[in-house]
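Please look at the model first, then read on.

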Amino acid sequence: MSTPVSPADKSMEEIVSLCKRRGFVYPASEIYGGINGFWDYGPLGTALKNNIRDWWWHQMVTCPPIGPDGDPVSIVGLDSSIIQNPKTWEASGHLAGFSDPMQKCGGCGHFVRADHLWEILTSQSEWFDSLVQQFEPATGSIDTPKLIDWAKRKGKKLAPNLALVRNPQVTLSWLATRVEGQPTAPPDVQEVVQHLATEQLNQTGLQDPCPRCGGALGEPQPFKLMFESHAGLTQDDASKVYLRPETAQGIFLNYKNVLDTMRVKLPFGIAQIGKSFRNEVTPRNFIFRSREFEQMEMEWFCPPEDALKWYDFWKHERMKWWLSLGVDPSNLIFRDHADDELAHYSKACVDVEYLYPFTAPNYGELEGVAHRGDFDLTQHTTHSKTKLDYFDQELQVRLQKEGVDKDEIKKRSRYTPNVIEPASGLTRAVLVLLCEAFTPTPDRKGSDYVMQFKPKFAPVKAGIFPVVNKDGMPEIAQKLFRQLREKMPVETDAKQSIGKRYARMDEIGTPYCIAVDGDSVTNQTATIRDRDTTEQVTVGLDQVEAYLSGKLAD
Ligand SMILES: [Zn+2]
């Protein structure tokens, strides 16, 4: 086994290129120049995605874990509609929160949330950080030559569209007028920077600069973060509908249906996998942030007094699941949300984060496990006027036995369940496995890269190759192929040199290559090569299937 390479040392460019070349992920609508924020999963990417999806479903719905009290937990599946009654999104808060005022940069086209601009400038903008070191705003003293010098050197590189860089003389003259005009009230940092971002003060007034390029930002405008459409023939406000921005709400809408029809009792979960859509402002980092994506979400409904216990349980179960994909433990961390990061209704939230090549040395979001309290069911109760509370008969019997007062029993045995939500992105899971598996192999003859997927998730399990395309070998390979294809995805290929065929299998992550050679004809054996070690074992032709099944079961 080659030494694992940290994702921090992998090149995202090489990963994206391999994904395209080998049929994992293509840019959507590529022949029309693509479309920003959308990706198509090729034949191998689809297989990889389905393998991960099926494993999540197996571990969450078909065979969920044993709970903290030693009892198997109960989770049922759901497949709800992408389009729901628009009132759903009023209740969930998405309609209000999903149209934040945004400012667009005239220089580079970047969108910034207007209410976050100065926070972003001070914490994330490289040019801003460099520029503010050039002046002393507290005293109002502006060192003009120093600023011009900055504009000519660093500014040119970091903020090419900043007014100060494009036209320093005019920009600084406006600033000088301001400073001299009110000597007792020097401008603060924000005002100085706005001046340095403004070329034509008399025409535009003070302008806000783009955190990326320094270009002038336009007026704040509401920017829809949900995709809108219309249901029916007329296109008016009454027919307006939204593509769901998360699968979770479909679960809350069906909580009562499931409770009434499925003989479940608290605690239990409802799980769903499906597409969600966000008109994200800045799609970036390959499939990490895209406008159309696939989620795997589970809502765990439980009595309020047990919520923290279940939160802790699911937090650790979800980490175990990510490790079961074959992800190196050192590439995963928990990040607990600070109190000021929590949504107002949320009692606790933790992210599972991964060391992506583009976030390294930092980790980036992978899955969120949230303690949502009774927020969702209460919201839908209010907006739909449908009672979504729960009568806990077991609790009632227990309290009766304990001799608790009648009124007290009545009060405590009917409640709105709390919700623990492990929510992860299936498409993000694909990205993690692509990053994790991608391994440059400079020492290996023929292959530049090996995709070291855990065999369970590999799109193709074995390649079957006659070493030469004659002497009875193709016939044996063909027979083996026909036998194995009924059990698992396998490929056979008689063309090209054996080295080239191995190289392709390495790059698509096929764990085993079976060579049919002279010995296969005389001794009825085949040579099986391990993708990661390149070690070879000889196995009887009638034992190949059993050998592979054993290896793939893990
Ligand atoms: Zn810009």
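At what angle do helix α2 and helix α18 pack, and how far apart are their axes? Helix α2 (residues 43-62) and helix α18 (residues 426-437) pack at about 110°, with axes 9 Å apart. Therefore α2 is roughly perpendicular to α18 (a term for angles of 65 to 115 degrees). Axes are lines fitted to C-alpha atoms, for helices over the stretch in contact, and angles run from 0 to 180 degrees between N-to-C directions. The crossing of α2 with α18 is right-handed (the near helix is turned clockwise from the far one by less than a right angle).

This is a predicted model: local features need pLDDT of at least 70, side-chain atom pairs count only at pLDDT 80 or more, and totals for chains, interfaces and linings use all residues. Residues are numbered from 1 along each chain as its sequence is written. Helices (H or I, at least four residues) and strands (E, at least two) are DSSP runs, numbered from the N terminus.

**Helix contacts**

From α2, the residues G45, L48, K49, I52 and R53 meet L426, A429, V430 and L433 of α18. Contact means C-beta atoms, placed from the backbone, within 7 Å. The contact of α2 with α18 holds 6 nonpolar, 1 polar and 2 charged residues. Nonpolar covers Ala, Val, Leu, Ile, Met, Phe, Trp, Tyr, Cys and Pro; charged covers Asp, Glu, Lys and Arg; the others, Gly among them, are polar.

A second pair is α9 (residues 168-181) with α10 (residues 189-196). Their axes come within 8 Å and cross at roughly 145°. T171, W174, L175 and R178 in α9 meet V192, H195 and L196 in α10. That contact has 4 nonpolar, 2 polar and 1 charged residues.

**Strand pairs**

Two strands pair if DSSP finds at least two bridges between them.

| Strands | Sense | Bridges |
|---|---|---|
| β11 (residues 332-336) and β12 (residues 348-354) | antiparallel | 5 bridges |
| β12 and β13 (residues 364-373) | antiparallel | 7 bridges |
| β19 (residues 462-466) and β21 (residues 512-516) | parallel | 5 bridges |

F334 stands opposite V352 in β12. C349 has A370 in β13 as its bridge partner.

**The open sheet**

Five strands form an open sheet in the order β20-β19-β21-β22-β23, with mixed pairing. β20 (490-492) and β23 (536-540) stand at the edges with a single partner strand each, so one side of each lacks a neighbour in the sheet. The twist averages 25° from one strand to the next. Helix α19 (residues 473-484) packs on the sheet and touches β19, β20 and β21. Its direction makes about 160° with that of β19. Helix α20 (residues 498-508) lies across β19 and β21, at about 175° to β19.

Definitions and conventions:
Angles under 35 degrees count as roughly parallel, over 145 as roughly antiparallel, 65 to 115 as roughly perpendicular and the rest as oblique. Two residues are in contact if their C-beta atoms, placed from the backbone, lie within 7 Å.
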